[in-house]
Amino acid sequence: MSDAFFPDIVVNGDTIPTSEVSAELQNHNVPQGKQALAWRRAARALAIRTLLLQEAKKRDLDASTHDIGPGKNETEAEALIRTLLEQALPETTPDETTLRAYYDANPERFRAPSLYEASHILFTADHTPAAREKARLRALAALGILKRDPEKFRTLARNESDCSSRQSDGRLGQISRGETVEAFDQMLDRLDPGTIAPEPIETRFGFHILRLDARAQGEILPFENAKPRIAEATEKAAWTRAANDFVTDLVNHADISGIDMRPE
């Protein structure tokens with residue numbers, strides 16, 4: 001996209017040249033063909049950064065840089081903005097009543113992971129289209145047999161599966177959410193115990209026929225166990241709201257040209 005179509009941005013007299021906006025574009029992912037949207041987001045981000053640095057200068061702040069990762073330090077500008085927000089934003093520590101109210105309104109969010117006993121038959125394939133199609137057809141053929149006679153799962157697992165679990169009739173043992181691929185997790189939540197997935201499940205390994213043998217649903221955690229998670233999420237949400245309000249106030253009182261600062 002040519003910079004010639006976009007003017008320099010001026011924030012309270014400080015100019016942000018189009019070359020800086022072009023460099024910032026890499027940090028803003030948008031759908032293909034939406035270059036103008038990417039430009040606007042990059043320009044708004046730089047305008048807000050400029051406003052925050054101007055405010056830090058107005059308050060005569062001084063900041064020391066912190067380590068933010070192995071071998072990586074904050075820039076002076078990042079340190080100033082962090083210090084400004086630490087000073088300007090109110091404390092966001094929620095009280096016990098707020099945490100309890102959130103817990104009571106969202107109990108399902110604090111359920112311990114469910115445990116599953118499952119079995120599968122794997123038809124492996126590399127990532128070539130021909131191999132994937134061959135494995136898919138093998139899985140469909142086996143699934144057709146199981147739809148007519150589910151009791152043949154053990155035999156098919158032993159004779160057809162490409163997984164070492166064939167030695168135990170395809171049994172995977174006891175697993176919890178997150179221990180297998182996401183596609184398995186989703187299907188295990190949908191199946192009734194003793195039933196077989198209606199379609200083969202495709203993963204990077206190939207195609208699987210999956211059977212849920214048993215499920216033990218996780219218990220809802222007591223409030224005291226869930227409280228640290230609720231406090232962290234509540235504090236983050238409150239901080240984000242306060243930061244947005246602070247930035248909005250800076251924008252509303254600023255003289256900005258070259259970019260529309262209204263929210264998308």
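Is D162 buried, exposed or partly exposed? Partly exposed, with a relative accessibility of 33%. Some notes from going through this one follow; keep in mind that it's a predicted model.

1. Let's stay with D162 for a moment. Its side chain meets that of R138 in a salt bridge, at 3.3 Å from N to O. D162 sits in the loop between helix 6 and strand 6 (171–176), while R138 belongs to helix 5, so this contact ties together parts that are 24 residues apart in sequence.

2. R138 has another partner to look at. The side chains of E160 and R138 also meet in a salt bridge, here at 3.9 Å from N to O. E160 is in helix 6 (residues 153–160) and R138 in helix 5 (residues 129–148), so the pair links parts that are 22 residues apart along the chain.

3. How accessible are the residues around R138? R138 itself comes out at 29% relative accessibility, so it counts as partly exposed. E160 has 34% and is likewise classed as partly exposed. The class covers values between the buried limit of under 20% and the exposed limit of over 50%.

4. Over at D260, there's a salt bridge with R262, and the closest N and O atoms are 2.7 Å apart. D260 is partly exposed, at 31% relative accessible area. R262, on the other hand, counts as exposed, because its relative accessibility is 60% and the exposed class starts over 50%.

5. For the whole structure, the search turns up 20 salt bridges.

6. Now for the strands. Strand 5 (residues 115–124) has seven of its 10 residues buried, so the rest of the structure largely encloses it. What does strand 5 pair with? One partner is strand 6, running antiparallel to it and joined by five bridges. Within that pairing, A118 stands opposite G173 of strand 6.

7. Strand 5 also pairs with strand 8 (residues 206–216), again antiparallel, through 10 bridges. Here T124 has G206 in strand 8 as its bridge partner. When you look at side chains along these strands, recall that in a regular strand they alternate between the two faces of the sheet.

How values were computed
Residues numbered from 1 in each chain as written. Predicted model: local features only at pLDDT ≥ 70, side-chain atom pairs only at ≥ 80, totals over all residues. Heavy atoms only, no water. Salt bridge = Lys/Arg side-chain N within 4 Å of Asp/Glu carboxyl O. Helix = DSSP H or I, 4+ residues; strand = E, 2+ residues; numbered from the N terminus. Buried < 20%, exposed > 50% of the residue type's maximum accessible area, 1.4 Å probe, protein only. Pairing = 2+ DSSP bridges.
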